[in-house]
Amino acid sequence: MLNNLIKTLPAKEGFLLVALSGGADSVYLLLSLLQSCGKDRIEAVHCNFHLRGDESDRDEQFCRELCERKGVKLHVAHFDTKKYAADRKISIELAARELRYDYFEKLRTDLGADYIAVAHHKDDQVETVLHNLIRGTGARGLCGMRAQNGYIIRPLLGVSRAEIEAELAEWGEGYVTDSTNLEDEATRNKIRHHIVPLLKEINPKAVDNIVRMAQRMEETLYIEENYYAEQLSKFENGEFEDVNFSEGFLHYLLAPKGFNGTQIQNILRAMESPEAKVFEAKGFVADVCRGKLYVSEKKVDDFEPYQTAEGNLVRRPKAGDRFRPKGLTGTKLVSDYINEKKLTPPQKRQVLVEEGRDGKILRVILP
C-alpha cells in the first residue's frame, strides 16, 4: 500500500529515518518500510516529550523493544517541552512540533539520510484539511499535507487508519495508544471524534472524497501560484495599476511575512480608503498610501542627530516643521514638501532636515 515515493529512494547507498512514536501508524510505517527497503537502509527516531508522565516512558520502552526485536537502530531524544514552550511563549503542540522537526533535520544532516518518513495517513489528511478550512484557508490549506515536503515524506497518505490496524492485527504486531488522542480538548480530536463520523454518516465516501479533493487542489494551487507570481513581479516593478490586489494575492504576498488573516483583510479595506495606514508584522511593515501598498523590512530607526561643521543640527523632521524652498518667498510645511516629491512611505521615514542655529529649517535632505 505504500505510494511511489519509495521507488525514488537511492537503490543502494541511501537510507531513511523513520519517525516512530509507538502508535499504530508509525509501527505500520516502520514495518512496511523494512519490507520494502530492508533494515540496512532504515533507522528509527523516537522523541520523548515528557508530557504524559509514565505513559511517555512506556512509549519509549515499547519503541526500544520493537527496534531491538527487528534489528533496527533507534535514536531517542528527550525534551523538556513545557519549558521550551514557556520560554518562547508558544503552545505545547507547537513546541513539540518545533522540537521534533528540528531534531529530525539535525539527525538527518548528521547521518546523511535521504529522507525522514513520517506516518501521517489518510485520516490525518482529512483532519488537516478540515482544520485548515475551519480556521480559514485558501488553496494551499485545502491541499492538506503534501506527500513530499523537502526531506519529509509521507508514504501513508493513501492508507486509512482502519487499514493500518487491520494489517497490524494480521501480522500479529502490537502498538501503544496515546491517551490524549482519546480526549476532546484538542481541536483535531474534536474533528476526529465528532465531525468526521458525522460526515461519514452523511456520505460513507466522505473521507475518500476529501482526500481526492486535496489531491486536485494541488493542480489548482499550481495555477494560482503561477498567476500570483506574475502579479508579484508587477508589484515589485512598481506597476501598481496592473496588479490585481485581491485578498488571495495579498495572502500570497503577506502571509509568508507574518501578517495574519485579519491584518490582510484590513489592508485590503485600507487600499480602498484615501487615509494612509501602517500595519506591522514581526519583521515587516506594510504601508497603504493613496491606494498603493508598500512592503518593507521593519528596521529600528537608529539615526542619531548630529551637528555639522557649521554648527547646524541634522535630525528627523517633526510635526509643524516649515522651511523656505528655493525660489519661494514664503515658507512651506516640510510634510507637504515631502508629499509633493511622491516618496514612498519607507523613503519618507529616511528624510532628514538641517536646522540652523536660529532654529529655522535650512533644507530638507531626501533619501
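These legends accompany close-up views of a predicted model.

**View 1. Helix H5, a mostly covered helix.** Let us start with helix H5, which covers residues 122-135 and has 14 residues. From its first C-alpha to its last, H5 reaches 20 Å, close to the 20 Å expected at 1.5 Å a residue. Just after H5, look for Gly 136, which takes a positive phi of about 100°.

View 2. Lys 122 counts as buried because its relative accessibility is 14%, and buried means under 20%. Which residues does Lys 122 touch, not counting those up to four places away in sequence? The contacts include Leu 156, Leu 157, Gly 158, Val 159 and Ser 160. Val 207, Asp 208 and Val 211 are touched by Lys 122 as well.

**View 3. The open sheet S7-S8-S9.** Three strands lie in this order, and their pairing is antiparallel. Strands S7 (277-280) and S9 (292-297) form the edges, each pairing on one side only. From one strand to the next, the twist averages 20°. Between S7 and strand S8 (residues 284-289) there are four bridges; to find a bridge pair, follow Glu 280 to its partner in S8, Val 285. Helix H11 (residues 261-270) packs on the sheet and touches S7, S8 and S9. The direction of H11 makes about 165° with that of S7.

View 4. The largest nonpolar core has 29 residues, and the members touching the most others are Leu 16, Leu 20, Leu 30, Leu 33 and Ile 42. At least two residues each are supplied by strand S1 (16-19), helix H1, strand S2 (42-48), helix H2 (54-70), strand S4 (115-117) and helix H7. Which element gives the largest share of this core? That is H1, with nine residues.

Note on methods:
Residues are numbered from 1 along each chain as its sequence is written. This is a predicted model: local features need pLDDT of at least 70, side-chain atom pairs count only at pLDDT 80 or more; totals for chains, interfaces and linings use all residues. Side-chain values use heavy atoms; hydrogens and water are left out. The expected span of a helix is 1.5 Å times one less than its number of residues. Buried means under 20% relative accessible area, exposed over 50%, partly exposed in between (1.4 Å probe, protein chains only). Two strands pair if DSSP finds at least two bridges between them. Axes are lines fitted to C-alpha atoms, for helices over the stretch in contact, and angles run from 0 to 180 degrees between N-to-C directions. Contact means heavy atoms within 4.5 Å. A nonpolar core is a set of buried Ala, Val, Leu, Ile, Met, Phe, Trp, Tyr and Cys residues joined through side-chain atoms within 4.5 Å.
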